[in-house]
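Okay, thanks for coming, everyone.

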Amino acid sequence: MYKEQRIWQWISHIVMILLSLAAVLPFILLFVSSITDESTLIRNGYSYFPEKLSLEAYRYLFDHSDTIFRAYGITIIVTVIGTSVGLIITSMVAYAAARRDYPFHRILAFLIFFTLLFNGGLVPTYLLYAQYLQIKNSLLALIVPYLLMNGFNTLLVRNYYLTSVPDELIEAAQVDGAGEFRTFFTIVFPLSVPILATVGLLQAIMYWNDWFNGMIFITNPKLFSLQNVLNTMMTNIEFLATTSTSDAASIIAQVPSTSVRMAIAVIAVVPIFIAYPFFQKYFVKGITLGAVKG
Amino acid sequence: MNTMTAKTATLRKIKWKKILPISLMALPGVLYLIVNNYLPMFGLFIAFKDINFAKGILASDWVGLKNFEYLFKTRDAYIITRNTLLYNGAFIILTTVISIAVAILLNEIRNMFAKRFYQSVILLPFIVSMVIVSYLVFAFLSTENGLVNNYILPLLGISEIAWYMEKEYWPFILTSVHIWKQIGFSTVIYLASIVGIDPEYYDAAMIDGAGKWRQIRSITLPLLVPIIITLTLISIGRIFYSDFGLFYQVPMNSGAIYDTTNVIDTYVYRGLLQLGDIGMSSAAGLYQSLVGFILVIISNLIVRRISKENALF
C-alpha cells in the first residue's frame with residue numbers, strides 16, 4: 001500500500017511538472033526573443049539559447065515611449081472605468097432582481113437570464129454601435145460593449161444576494177429609517193465584497209485582454225490599447241514607425257521589428273503575471289462558482 | 001370610510017417609496033440590457049434585407065430569404081458549419097478527458113504548496129489574451145524565424161514547412177492551442193468536484209483493500225459522472241459558437257488556410273468588416289443565433305432531467 005502511494009506521488013509530480021513546463025515554456029521563448037539581438041534573430045530564428053543577447057528592443061520602446069505609454073494608459077483607463085462602472089451597474093440590477101418584495105424582481109431576473117439563451121450576434125450589435133450610437137473611435141467603444149460582461153455574472157451576484165444577505169438585515173435597516181439607496185450602499189454593498197471582488201476580477205482581466213472592440217471600432221491609432229497595438233503590429237510591422245511623430249523614414253530603417261514586437265507582448269503580459277499570485281485565489285473561486293452553478 | 005382610504009393611500013405611498021428607488025437602481029442595468037442585448041436581437045431582421053447604407057438600414061428593401069439562399073448555395077455554409085461542429089466536438093471530448101485525468105493526478109499530490117503551485121501555473125495560459133497567444137504560436141511556427149522550422153524539423157530531418165499556408169496542419173494546431181489555453185480552467189472545475197467527494201468512501205475502499213487505480217475507477221469517476229454530463233451538455237448547447245480569437249488570431253487571418261480555420265464566427269466577422277457582404281454575414285449570424293438557441297434549450301432540457309440544480313432554468 002505504502003509503495004503504491006509513493007508511485008502515485010511520483011507519477012503525479014512528473015506529469016504536473018511536464019504540464020507546468022508546457023504552460024510556461026512558450027512565455028519564456030517570448031521573453032528570450034525580446035532580448036535577442038535582432039540580426040541573430042533574423043539569421044537563426046527564435047531560440048531559447050540565442051547566440052547574442054541585446055536590450056535594443058527595450059531601448060527602442062523606451063525611445064518611442066509616447067506610443068507605448070499612451071497605449072498603456074488607454075488599457076489602464078478602460079480597465080479601471082469599465083470594471084468599476086460595470087460593477088456598480090451589475091450589483092444594482094442584481095440587487096433589484098434579488099429583492100423578493102420588489103414586484104418586478106422576477107421579470108428583471110428573466111430579462112437578464114434570457115440574454116444567456118439568445119443573442120443578436122455581431123452584425124446587429126456592430127451596426128447599432130457604429131451606425132446609430134456612433135461610438136466608433138472613442139473610448140466608449142472600448143468600454144461600453146463589455147460593461148455587464150455577461151448575464152451570467154449578474155446572476156451570480158444576484159444569487160449571492162439571495163443566499164448570503166438576510167432579508168432581516170434589510171428590514172432592520174429600514175425600520176431604522178434608512179432609505180433604499182442608503183440600505184444598499186451602506187449595508188448590502190459592503191457585505192457583497194467577496195462576490196464583487198471575484199466578478200470584478202474576471203471583468204478586469206477581460207478588459208485588460210480585450211482586442212476585439214478595438215479591432216472593430218477603433219481606427220485612430222491614438223486610441224489603441226496595448227492589445228490593439230499588438231494586434232495591429234502583427235499585420236503591420238511598421239506601425240510604430242508610422243505613428244511616431246519623428247522622421248518616419250529614418251525610423252523604419254532602424255526598427256528592430258521582430259524583437260520589438262516580442263518586447264511589447266512581454267510588457268503587456270508582465271502586469272498580469274505580477275498581479276496573478278495575488279488574485280489567483282479569487283480567480284480560482286470565480287471559476288468554480290461559475291461552473292458549478294452554470 | 002375616510003380612514004380606510006387614508007390607510008390605503010399611505011400603504012400605497014409606502015409601496016411606492018420602495019418600488020421607485022429600487023427601480024431607479026435597476027434602471028441603468030435595464031437600459032444597458034435593452035441597448036446592448038435586446039435591440040440587436042430585433043436587429044436580426046436585417047438578414048431579410050438588402051442593406052443599402054445610402055437608403056439607411058430601416059429603409060433598405062426586404063428580400064425575403066434571398067440572403068439565406070445565397071449563403072446555403074455556397075460551399076462556405078457547409079465548411080463553416082462542419083468546422084464549427086468538428087472543432088468544438090473535439091474540444092469538448094479532449095478537454096474533458098484530459099482535465100479529469102489532470103485533476104485526479106493533482107488531487108493525489110500531498111504537498112499542498114506543490115499542488116497549489118501546479119494549479120496556478122497551468123492556469124497561466126488562460127489569463128492571457130489571444131493576441132498574445134498568436135505571438136507565442138508565431139514564435140514557434142513562423143516560416144522564416146520559427147523555432148519549429150529552424151531547430152526541431154532539422155533534427156528530424158524534415159524540410160521546412162510554411163505552416164500558415166498549409167491547411168492540413170491546422171486542425172491539430174488549433175486543437176493543441178485550445179487545450180493548452182483551456183486545460184487549467186477545466187482542471188480547476190473538476191478538481192473542485194473531486195475535493196468535494198466524501199473521504200469516507202475512500203477510507204472504506206482502503207479497508208476493503210482497493211488500490212488507487214481501483215478507487216479512481218469505482219469511486220472518483222462514477223461520482224464525477226453527473227458533473228461531467230452537465231458540463232458536457234452545457235458545452236454542446238454552445239457548440240454553434242466558437243472562440244473567435246482562437247480561429248481569427250492564431251491562424252493570423254491567413255486566407256490560404258480558411259478551409260480548415262473558418263468557423264461561423266470568423267465568417268460573420270469577415271463578411272461584415274472585411275468583405276462588406278452584410279447580406280451573407282447577417283444570414284449566417286441569424287443561422288447561428290437560431291440554431292444556437294435551439295441547442296441551448298434542448299441541452300438544458302436534458303440537464304434538467306439529470307440534475308435539476310445544474311440546469312440553467
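Let me start with a term: buried means under 20% relative accessible area, exposed means over 50%, and partly exposed is in between, using a 1.4 Å probe and protein chains only. This is a predicted model, so local features need pLDDT of at least 70 and side-chain atom pairs count only at pLDDT 80 or more, while totals for chains, interfaces and linings use all residues. On bookkeeping, residues are numbered from 1 along each chain as its sequence is written, chains are lettered from A and ligands numbered from 1 in the order in which they are written, and side-chain values use heavy atoms, with hydrogens and water left out.

So, is Ser134(B) buried or exposed? It's buried, with a relative accessible area of 0%. You'll find Ser134(B) in helix 5 of chain B, residues 130–141; helices here are DSSP runs of H or I with at least four residues, strands are E runs of at least two, and both are numbered from the N terminus. Contact, for us, means heavy atoms within 4.5 Å. Leaving aside neighbours within four places in sequence, Ser134(B) is in contact with Gln249(B), Val250(B) and, from the other chain, Met234(A).

That takes us to the interface. How many residues does each chain put into the contact? Chain A gives 99 residues and chain B gives 98. The area buried between them is about 8900 Å², with carbon and sulfur atoms giving 76% of that. Buried area here is the accessible area, again with a 1.4 Å probe, that two parts lose on being put together, summed over both. On the chain A side, Trp8(A), Phe118(A) and Met234(A) lose the most area to chain B, together 8% of what that side buries.

What about polar contacts across the interface? The rule finds 22 residue pairs between chain A and chain B, both residues at pLDDT 80 or more. A polar contact is a pair of N or O atoms within 3.5 Å; within protein, one must be able to donate a hydrogen and the other to accept it, and residues adjacent in sequence count only if both atoms are side-chain atoms. Helix 1 of chain A, residues 2–34, supplies the largest share of the side of chain A that touches chain B, with 19 residues. By class, that side has 72 nonpolar, 21 polar and six charged residues. In that scheme, Ala, Val, Leu, Ile, Met, Phe, Trp, Tyr, Cys and Pro are nonpolar, Asp, Glu, Lys and Arg are charged, and the others, Gly among them, are polar.

Now charges. Side chains of opposite charge can pair when their charged atoms come close. We call it a salt bridge when a side-chain nitrogen of Lys or Arg is within 4 Å of a carboxyl oxygen of Asp or Glu. Over all chains the count comes to eleven, and between chain A and chain B it is one. That one is Lys18(B) with Asp101(A), closest N and O atoms 3.0 Å apart. Asp101(A) also forms a salt bridge with Arg99(A), at 2.9 Å. Asp101(A) is partly exposed at 39%, whereas Arg99(A) is buried at 4%.

Next along is Asp167(A) with Arg100(A), at 3.2 Å. Asp167(A) sits in helix 9 and Arg100(A) in the loop between helix 4 and helix 5 of chain A, so this pair ties together parts 67 residues apart in sequence. Going back to the shared partners, salt bridges join Arg99(A), Asp101(A), Glu180(A) and Lys18(B) into one network.

Last stop on chain B: Leu295(B), in helix 13, residues 278–306. Which residue has its C-alpha atom 4.8 Å from that of Leu295(B)? Gly237(B), which is 58 residues away along the chain. Leaving aside neighbours within four places, Leu295(B) is in contact with Ile236(B), Gly237(B), Ile239(B) and Phe240(B). Leu295(B) counts as partly exposed, at 24% relative accessibility.

That's my tour, so over to you.
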